[in-house]
Amino acid sequence: MDSLSRRRFLIGAGGATGLLVAAPFACNALLLKARFASNPFTLGIASGDPAPDGVVLWTRLAVDPLNGGGMPSEDIPVKWRVAKDENMRDIVKSGTAIAPAGLGHSVHVELTGLEPSRWYWYQFTSGEHDSPIGRSRTAPAGNASLQKLRFGVVSCQSWQAGYFTPYQHIAKEDLDLIVHLGDYIYESGIAADGVRKHNSAEPATLEAYRNRYALYKTDPDLQAAHAAFPFIVTWDDHEVENNYANLHRDNLKPPGDFTVRRAAAYQAYYEHQPLRLASLPKGADMLLYRRIRYGQLAEFQVLDTRQYRSPQVPAVDPKKPEDYKRMQAERSDSRRLLMGQQQEKWLLEGLDKSQARWNILAQQIFMAQRDYTEGPDQSFSLDAWDGYSASRDRLLQFIEKRRPSNPIVLTGDVHAHWVADLKANFNDPKSKTLGTEFVTTSISSGGDGEETNAGADKIIKESPHIKFNNRRRGYVSCTVTPDKWQSDYRTVAYVTKPNAPVETRATFVVENGKPGVKKA
């Protein structure tokens, strides 16, 4: 795919960038008359990464989505159009993009030339078939004094654990965008007790990952959310393999060459997300961390805490006291990195230069300390920032010293709602509060869940900076103004059967210039 990353082709009536992987398709009259046995838009449509002058439009052609796509081996032309109205009458942009066979016949149209801070509608056509109509919204101009931003935060959608009902509700909210914090798919095999069954054993090849994404993309509630709002996406571990770290497999898995599998997984991720050409993978490497600005009000620092991290610290054997000392020493070793040197430098420089009122870190794993053990001893989730405490210390010390405006951390991964303040010293409740972390529960992972449990109560007792926990499924709906951040914790009672109602379980606010969260 290296040649793809070096070749760009301007297509259609201005204002879009597409991909060219072969001879120009205009020379192939057969492709211009593409015919399909059935509708190729089975995986829906999406948009993402809003900018003041445009967004990325996405689709993937697949007449037989769960069996490799069922498409011919040639590149396929796909027409696209953008309108100011939902009936697609006031067309403002149109053109033709290529769905390259080498990218699973996915389409990524990078729109430019649109007006800032307004809604647009879009649609694709290939052969005799039209896609559904999607809606997207551009970001405000960089210097705009935005008075309100509303977005949803989601994470962790296991097909086998239940239905994606939270998307049914988030698609009806009055939002500007959705932020997805990872575990878009799960790589596990077929579970005997799954509410819905996966379509294969654990994937390791590009074709198998494509089929797994296709399965998830057929979910109607997920398709509705993508059609309603632009997404900002990042990944966690299950897009590749549980608890992987850089090119190291989970400590519980046998060693081996992980490079080929990671390359396949990364390409499949790109093929199925509304990402820019800058994120096109090069083998087993893919640039995913990036900044997305919403005027003077907010700036998203979108992080990647998987691709560059040091291997996890091995788990502690409670029967071996020396294991505890080893764990504490290793997790605080300054040589162990979570984001990698380059991304960490990029993040700190970005926070230092930011002029935004609210500085948002959109990332995957729990940042605040969670102590699982009662009493003076401590135990932690070593896959989270607790397992890389030197990386966290550097970030929080930077925030304390340089004081970027209103740091807020958004987190997924743990299949539960949490709220936590970020402290200069987590072991000292009286230490300075530097920011707040809002953790979203899962869309479906973990099944129906529960209100809370004894384990969470114990963590909160040992970690007084943690203010809230709920273990139902759902999402977080955020409303941001110059004066206040509000997070509404939205939950559904069940996902093991469809169409559960939604409710707001709790609301928390942070006031501008006053670090620390309060329950509304």
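The lining of the largest pocket divides into 11 nonpolar, 11 polar and 8 charged residues, where Ala, Val, Leu, Ile, Met, Phe, Trp, Tyr, Cys and Pro count as nonpolar, Asp, Glu, Lys and Arg as charged, and the others, Gly among them, as polar. This is a predicted model, in which local features need pLDDT of at least 70 and side-chain atom pairs count only at pLDDT 80 or more, while totals for chains, interfaces and linings use all residues. Residues are numbered from 1 along each chain as its sequence is written, and side-chain values use heavy atoms, with hydrogens and water left out.

A pocket here is an open set of points on a 1 Å grid over the protein atoms alone, where a 1.4 Å probe fits, with protein on both sides within 12 Å along at least five of seven lines, and its lining residues have an atom within 4 Å of a point. The largest pocket has a volume of about 440 Å³, a volume being the space filled by probe spheres set on the points, which are joined across faces, edges and corners. Of its 30 lining residues, N243, Y372, S381, D383 and D413 lie nearest the centre. The elements that give two or more residues to this lining are α10 (454-462) and β21 (466-480), and the largest share, 3 residues, comes from α10; helices (H or I, at least four residues) and strands (E, at least two) are DSSP runs numbered from the N terminus.

The second largest pocket holds about 300 Å³ of space, and among the 19 residues that line it, P404, N406, P407, L434 and P515 are the closest to its centre. At least two lining residues come from each of α9 (389-402), β17 (407-411), β19 (433-439) and β24 (514-519), with β19 supplying the largest share, 4 residues.

Elsewhere, the axes of helix α4 (residues 206-217) and helix α6 (residues 259-271) come within 8 Å and cross at roughly 35°, the axes being lines fitted to C-alpha atoms over the stretch in contact, with angles from 0 to 180 degrees between N-to-C directions. In this contact (heavy atoms within 4.5 Å), L206, Y209, R210 and Y213 of α4 meet R261, A264, A265, Q267, A268, Y269 and E271 of α6. These residues divide into 7 nonpolar, 1 polar and 3 charged.
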